[in-house]
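The questions below are meant to be worked through with the sequence and the structure side by side. Try to find each place in the structure before reading the answer.

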Amino acid sequence: MKITKKIIGCAFGLLLAGAAQAAEQRFVIIINAYDTNIPELNVEGVTVKNIRAFNVLNEPETLTVKKGTTVKIAIENRSPISEGFSIDEYGIKEVIKPKETKSLSFKADKAGAFTIWCQLHPKNIHLPGSLNVIE
Amino acid sequence: MKITKKIIGCAFGLLLAGAAQAAEQRFVIIINAYDTNIPELNVEGVTVKNIRAFNVLNEPETLTVKKGTTVKIAIENRSPISEGFSIDEYGIKEVIKPKETKSLSFKADKAGAFTIWCQLHPKNIHLPGSLNVIE
Amino acid sequence: MKITKKIIGCAFGLLLAGAAQAAEQRFVIIINAYDTNIPELNVEGVTVKNIRAFNVLNEPETLTVKKGTTVKIAIENRSPISEGFSIDEYGIKEVIKPKETKSLSFKADKAGAFTIWCQLHPKNIHLPGSLNVIE
């Protein structure tokens, strides 16, 4: 009797592990533009000069899920212009207008690391992120 | 007799899996500032001009743990000024002074991807990272 | 009889889990240089000026594997000059010539987050990535 309980518990444990593999994971990514222009700045006794940087960032930049997970991403564009969101290996290529939130869903059925990038702008302006799908 | 051993082995295997879920993971993050000023440079026959970049980086930038892990991070600030370290969804908001190492600990009990960012400086100067918590 | 089947199924399940832990994961990383020079640009009614950025990126930037995985990375250098690829904690320090693809392999036997960086250029020019090894 005691043995049977253990066996059932064990089988149930494995079933639970299987269920976790097939789970769904939701993400919210904010796309935002940062325009920084600092002719000269003194902070805590340190001076920096001639800083000029313009970048668009995905926040968060990197996503990680187990293989088999249904990934649901809501992408909100807070940049003043349209931004792109592409993951080539998953056939994703979206354009999100300013102030728009676009939702997409896919099953992460390929393990590996995949670049999340903007197909509209140079990659050193709109910095790419990564989608990690682990076995 | 043989069967009983397998059952115990199996139950023990599941216990071990449970223990791994509740494990602790330690990280060391170095925050450093990089000031690059290249009026003109010729490398391997390629010329680049007017490069000016000032950035603060977290190294490593991205952390990944299983949900339920106790995360212990030692953050060492090698930048000459104070730097911030925030993960909003986990209520983390630290200021680390130059040459200081600050340690923090939290239980990663929310799955998802969360931005690690500096609350003191523009995000395209001090580039954000990601905390990935997988189910 | 029924009980025996469950026991065998359970043992087999654990064997499979063990096999997954010892799996191999292949990655392809493209190293590319992005030279952006925009004196003035008007996009969708937004004007940006004096943008100058030169960066080298690893695509994808972040890799994640389970501890015990054999990691095989093919690194293709599309930058016009030689680029570096280092992961200190795994003793990796490679130089990849322009147009060259270099392959490396290692067993991810240390859990944690490790910086992937270029030992040849400033880190705010060739932006670092992360290797995440989870328990």
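Q: How many salt bridges are found across the interface of chain C and chain A?
A: The model shown here is a predicted one, and the search looks for a side-chain nitrogen of Lys or Arg within 4 Å of a carboxyl oxygen of Asp or Glu. K123(A) and E59(C) form such a salt bridge, with their closest N and O atoms 2.5 Å apart. Across the interface of chain C and chain A, the number found by the rule is one.

Q: Which element of chain C gives the most residues to the side that touches chain A?
A: Between chain C and chain A, 11 residue pairs are in polar contact. On the side of chain C that touches chain A, two or more residues come from each of α1 (2-21), β1 (24-43), β2 (46-59) and β3 (62-66) of chain C. With 10 residues, the element that gives the most to this side is β2(C).

Q: How large is the area buried between chain C and chain A?
A: The size of an interface is often given as the accessible area lost when the parts come together. Here 31 residues of chain C are in contact with 30 residues of chain A, and carbon and sulfur atoms give 64% of the area buried between the two chains. That buried area is about 2500 Å².

Q: Which residue of chain B forms a salt bridge with E59(A)?
A: Turning to the other interface of chain A, the rule finds one salt bridge across the interface of chain B and chain A. In the salt bridge of E59(A), the closest N and O atoms are 2.5 Å apart, and the partner in chain B is K123(B).

Q: Which element of chain B gives the most residues to the side that touches chain A?
A: There are 12 residue pairs in polar contact between chain B and chain A. On the side of chain B that touches chain A, at least two residues each are supplied by α1 (2-21), β2, β3 (62-66), β8 (112-116) and β9 (129-134) of chain B. With four residues, the element that gives the most to this side is β8(B).

Q: How many residues of chain B are in contact with chain A?
A: Chain B and chain A bury about 2500 Å² between them, and 64% of this area is on carbon and sulfur atoms. On the side of chain A, 30 residues take part in these contacts, while the number of residues from chain B is 28.

Q: What kind of axis relates chain B to chain A?
A: Chain B is superposed on chain A by a rotation of 120°, with 0.0 Å of shift along the axis and an RMSD of 0.0 Å. A relation of this kind is that of a three-fold axis.

Q: Is N58(B) buried or exposed?
A: N58(B) lies in strand β2 of chain B, which covers residues 46-59, and the side chain of N58(B) makes a polar contact with the side chain of H126(B) at 2.8 Å. Leaving aside residues up to four places away in sequence, N58(B) touches I29(B), I30(B), I31(B), F85(B), I116(B) and H126(B). Since the relative accessible area of N58(B) is 7% and the cut-off for this class is under 20%, N58(B) counts as buried.

Q: Which class of accessibility does R78(A) fall into?
A: R78(A) forms a salt bridge with E76(A), and the closest N and O atoms are 2.9 Å apart. E76(A), at 24% relative accessibility, counts as partly exposed. Because the relative accessibility of R78(A) is 46%, R78(A) also counts as partly exposed.

Q: What is the N to O distance in the salt bridge of K102(C) and E94(C)?
A: K102(C) has a relative accessibility of 24% and therefore counts as partly exposed, and E94(C), with a relative accessible area of 23%, is partly exposed as well. The side chains of K102(C) and E94(C) meet in a salt bridge whose N to O distance is 3.5 Å.

Q: How many salt bridges are found over all chains?
A: Some of these contacts are joined to one another, and E24(A), R26(A) and K72(A) are linked in a network of salt bridges. Another salt bridge is the one between the side chains of D109(A) and K110(A), at 4.0 Å from N to O. Over all chains, a search of the whole structure gives a number of 24.

How values were computed:
Residues are numbered from 1 along each chain as its sequence is written. Chains are lettered from A and ligands numbered from 1 in the order in which they are written. This is a predicted model: local features need pLDDT of at least 70, side-chain atom pairs count only at pLDDT 80 or more; totals for chains, interfaces and linings use all residues. Side-chain values use heavy atoms; hydrogens and water are left out. Copies are superposed by least squares on the C-alpha atoms of residues with pLDDT of at least 70 in both. Buried means under 20% relative accessible area, exposed over 50%, partly exposed in between (1.4 Å probe, protein chains only). A polar contact is a pair of N or O atoms within 3.5 Å; within protein, one must be able to donate a hydrogen and the other to accept it, and residues adjacent in sequence count only if both atoms are side-chain atoms. Contact means heavy atoms within 4.5 Å. Buried area is the accessible area (1.4 Å probe) that two parts lose on being put together, summed over both.
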